[in-house]
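Subject: Structure handover

Hi,

Here is the structure I promised to pass on. Please open it first, then read my notes below.

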Amino acid sequence: MEDNPAHSARPSLPPPPPFPWQLWAIAGVVFAFLWWSAVETGVNWEAFREGFPELGEYFGRLLPTSENPWPLDYLPLIQEKLIETIKIALGASIIGSALALPFALLGARNLAAGKWVYNLGRGFLNLVRTIPDLILATLLAAVFGIGPVAGLLALTVFTFGIVAKLLCDTIETIDPGPMESVTAAGGSYLERALYAAFPQVAPDFTAYSLYAFEVNVRAAAVLGLVGAGGIGANLQQSISFMNYSRVGLIIFVTFIVVLIIDTFSTWLRSRLV
C-alpha cells in the first residue's frame, strides 16, 4: 500500500520554544525587590485594607446629590481661575521651550564645542531637572509672593529642563551627513546648528513643546496648592473647608479642560512628527 502523498508532504511541527527561565528569574527578582521595599518602608497592609472603603466614601462625597448638589454659581470663578492656569502653562511652555532650543543646539554631543562644554551642559540639565517643580514653586512664592508669577517661573524652569533634555537626545541621533556637508563647504559652528541640525529636529521640537504644555496644564493646577496661582488655590481652599461639592465641581471642570487640551495636543503632535 502506497503512502498518502498529502500525508507524507505534511510539514513536521516546530519544536516547542525553550522555557523562558531568564524572564521568570527577572520577574522573581523584581517581585522580591518590591516585597523588600514594602517591608523596609513599613507598609501597613491592614491600614490599607481598612482605609480603602473610606477612600470610596470620600470620592462619593464629591459627586452631586439631591441633598448636596454642585454649586453651579461657582462656575464663573472656576472659569476665571482655569483661564489663569492655562495662561501660566502656555507662557511657561513658550518661554521654557524658547530657552531650551539654543541650549540643546549647543549642548548635544555631536554639536558641542568640546567635551567639557558637553559635560557642563549635561550637568546643568541634571541639576535643573533634579529640583521638583512643587518645591521650586514654593521657594519662588516665598520670594515673589503669592500669585501666578511664581507658577510661571517654576514651570518655565521645568519646561526648559524637559524640552532641552529630549531635544539634546534627539539631536545626537540625527543624520550626520548634512552637518558634514556644511562643514566641508566651510560653514561655521552656528551654521551647522541652524542649517543642518535644526531642520532635522524641528518637528520633534514642536512636539516636545506641545507635550510640555500638556504636562504644564496639569502641573499648574497642582502648583496653586502652594500659592503659585491658578485653580489649585481654590481647590486647596475648598478642601480645607471640607466643601466637597465645590471640590467635586472643580475637579470635574478641570478634568474636562485637561482632556480637551490633551486630545487636541496629541492629535496635533501626531500630524507634526
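How exposed is lysine 81, in terms of relative accessibility? Lysine 81 comes out at 22%, which counts as partly exposed. Keep in mind that this is a predicted model.

Salt bridges

Lysine 81 has a partner. Its side chain meets that of glutamate 84 in a salt bridge, at 4.0 Å from N to O. Both residues sit in helix α4, 3 residues apart, so about one helical turn separates them. In general, residues three or four places apart in an α-helix point the same way, because a turn takes 3.6 residues. Glutamate 84 is also partly exposed, at 22% relative accessibility.

The structure holds 6 salt bridges. Arginine 122 is worth a look. Its side chain meets that of aspartate 169 in a salt bridge of 3.1 Å, N to O. Arginine 122 belongs to helix α5 and aspartate 169 to helix α7, so this pair ties together parts 47 residues apart in sequence. Arginine 122 also forms a salt bridge with glutamate 172, at 3.0 Å from N to O. That pair links distant parts of the chain too: glutamate 172 is in the loop between α7 and α8, 50 residues from arginine 122.

Arginine 122 is buried, with a relative accessible area of 14%. Aspartate 169 is partly exposed at 29%. Glutamate 172 is partly exposed at 27%. Arg122, Lys165, Asp169 and Glu172 are linked in a network of salt bridges.

The nonpolar core

Next, the inside. The largest nonpolar core has 24 residues. Which of them touch the most other members? They are Leu105, Leu111, Leu167 and Ile171. Five helices each supply at least two residues of this core: α4 (75-107), α5 (115-130), α7 (148-171), α8 (177-184) and α9 (189-223). The largest share is from α9, with 7 residues.

Take leucine 105 as a way in. Setting aside neighbours within four places in sequence, leucine 105 is in contact with Leu111, Ile171, Tyr189, Ala193, Ala197 and Phe198.

The nonpolar surface patch

A nonpolar surface patch covers about 1,000 Å². Its residues are Phe31, Trp35, Val39, Val43, Trp45, Phe48, Phe52, Leu55 and Phe59. Helices α2 (21-40) and α3 (45-61) each give two or more residues to the patch. The largest share, 5 residues, comes from α3. Tryptophan 45 is in that helix, α3.

Helix α11 has 29 residues. From its first C-alpha to its last, α11 reaches 41 Å, close to the 42 Å expected at 1.5 Å a residue. Its buried residues include Tyr244, Val247, Leu249, Ile250, Val253, Val258 and Ile261. Among the others buried in α11 are Ser245, Gly248, Thr254, Asp262 and Ser265. Which helices do the buried residues of α11 pack against? They pack against α3, α4, α9 and α10.

Finally, methionine 242. This residue is found in the loop between α10 (231-240) and α11 (244-272). Most residues other than glycine have a negative phi. Methionine 242 is exposed, with a relative accessible area of 56%.

Best wishes

Definitions and conventions:
Residues numbered from 1 in each chain as written. Predicted model: local features only at pLDDT ≥ 70, side-chain atom pairs only at ≥ 80, totals over all residues. Heavy atoms only, no water. Core = buried A, V, L, I, M, F, W, Y, C linked by side-chain atoms within 4.5 Å. Buried < 20%, exposed > 50% of the residue type's maximum accessible area, 1.4 Å probe, protein only. Helix = DSSP H or I, 4+ residues; strand = E, 2+ residues; numbered from the N terminus. Contact = heavy atoms within 4.5 Å. Patch = residues over 30% accessible without salt bridge, like charges linked within 9 Å, V, L, I, M, F, W, Y side chains within 5 Å. Areas by Shrake-Rupley, 256 points an atom, 1.4 Å probe, with all protein chains shown as cover. Expected span 1.5 Å × (residues − 1).
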